[in-house]
Amino acid sequence: MREINVNLITQTIASLCRSTCTDLPQDVYDRLKEARAAEKGGMAQKTLDILIENADISKQKKIPICQDTGMACIWLKVGQEVHFVGGDLNEAIQQGVRQGYEEGYLRKSIVYDPVFDRVNTQDNTPAMITYEIVPGDKIEITLAPKGFGSENMSQIRMLKPSDGVEGIKSFVLNVVESAGANACPPMVIGVGIGGNFDKVALLAKQAMMAPIEAHHPDKRYADLEDELLERINQLGIGPAGFGGGTTALALHIETAPTHIAGMPVAVAICCHVSRHEKVIL
Amino acid sequence: MIKKITTPLTSQVARSLRAGDQVLISGTIYTGRDAAHRRLVEMLDRQEPLPFDVTDAIIYYVGPTPTPPGAVFGSGGPTTSGRMDAYAPRLLALGLRGMIGKGYRSSQVVEAMKANDGVYFGAIGGAGAVIGASVKKCEIIAFEDLGPEAIRRLEVEDFPAVVVIDHEGNNLYEQGRQAYLDSLAK
């Protein structure tokens, strides 16, 4: 058994909040540059130039890449040999978010009540936490501040098995086309297929955070990833929606077993500011 | 060619702008997003004066990050404009001339723009650090309790934007996409 003080969790989360909001992941940055080189010119190239310049300034001067510093989404994979000491783990995570958002001059964007009061909690809590218990004595923490311009464009559909792969393709293309300029393209897209209503959303989110170059291990799904990305980039929406060949930077699929009666599909949309960072303690 | 425009944005200048024009905006603009718009419209319902004169004004749909010590402004790119569609026609009818945001607008907003010489500018979503640098002065003038959603008066210099929908209803999102698709067909 390994003892871990929850203070370490607080400090780690606080530091991740700050760094993810100012430092774009290198693979996303590199893909923006490749996309810039591939565009033919005009507004598309100019827009990508500004996004690259923006990422450079943010990293250098520690100014948030985007003003929507998001809802703090946190995934914890906890080794079953770990024993937390020093306080309440949940509260330690929320404290990390509170601290990180305050110290980093990050925007607090959470309201207590979704419908009636909508009063800001002033410290960006609560964070959305997903736990997973795994073998071992390590903790893996992934933090993704998720902006809502793109989150609002994500969708779930409970497709029928008879809809088949064509049903999945037309749903994904439809979601991306209706997201369009609202989702701050070029987008990063995660598609979850299988599981049930709640699991499929989680799969889509995990897919959204996969390394840009990654592919599904099953070649059939890997080919589907390539085909969907190509067809999305033929929609012509382009950077910022001003027209062009870069509507999405990447598309990944995650799959899971499902029920004989169903084929759930979720499409998680992220803008080009695909912020996420992982640390292992 | 990049057009330089200065606020207040008169009807005459608004009518000279075309979808696709790149502009640099200087002068005073006001911030306002979801909760602030709701309050503005509630004030109009109660026949109260608004916290600023909307005539020939530009509203920027943004909720900036907190300003760090020693800085004038934080990060401040546009938010999705469609959430303000329910409120924008009322403000346009009162003389609001320009809106800066990102994303699609409803047909009701476009009709109100055509009727009132309104212009919808697009700023680049997710370029908050670059755009924030064009803000030279920032002051909260209303609804301070709303935090990032409070109304701020900004003095901007060469704020970079693009005319997305002009006063005739021409739309860059449609034209730009079509131009790309036509280039593929060639």
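**Exercises on domains and chain contacts**

The domain assignment of chain A gives domain 1 (2-20 + 65-146) and domain 2 (149-274). Keep in mind as you work that this is a predicted model.

**Exercise 1.** Work out how far apart the C-alpha centres of domain 1 of chain A and domain 2 of chain A lie, and describe the side of domain 1 of chain A that touches domain 2 of chain A by class.

*Solution.* Start with the centres: the C-alpha centres of the two domains of chain A are 26 Å apart. Next, look at the contacts, where seven residues of domain 1 of chain A meet five residues of domain 2 of chain A. On the domain 1 side, strand β5 (residues 139-146) of chain A gives the most, with three residues. Finally, sort that side by class: three nonpolar, two polar and two charged residues.

**Exercise 2.** Find which helix of chain A supplies the largest share of the side that touches chain B.

*Solution.* First take the contact totals: 42 residues of chain A are in contact with 37 residues of chain B. Then look for the largest share on the chain A side; helix α3 (residues 42-61) of chain A provides it, with eight residues. By class, this side of chain A has 17 nonpolar, 19 polar and six charged residues.

Note on methods: Residues numbered from 1 in each chain as written. Chains lettered and ligands numbered in written order. Predicted model: local features only at pLDDT ≥ 70, side-chain atom pairs only at ≥ 80, totals over all residues. Contact = placed C-beta atoms within 7 Å. Helix = DSSP H or I, 4+ residues; strand = E, 2+ residues; numbered from the N terminus. Nonpolar A, V, L, I, M, F, W, Y, C, P; charged D, E, K, R; others polar. Domains from an automatic or database assignment.
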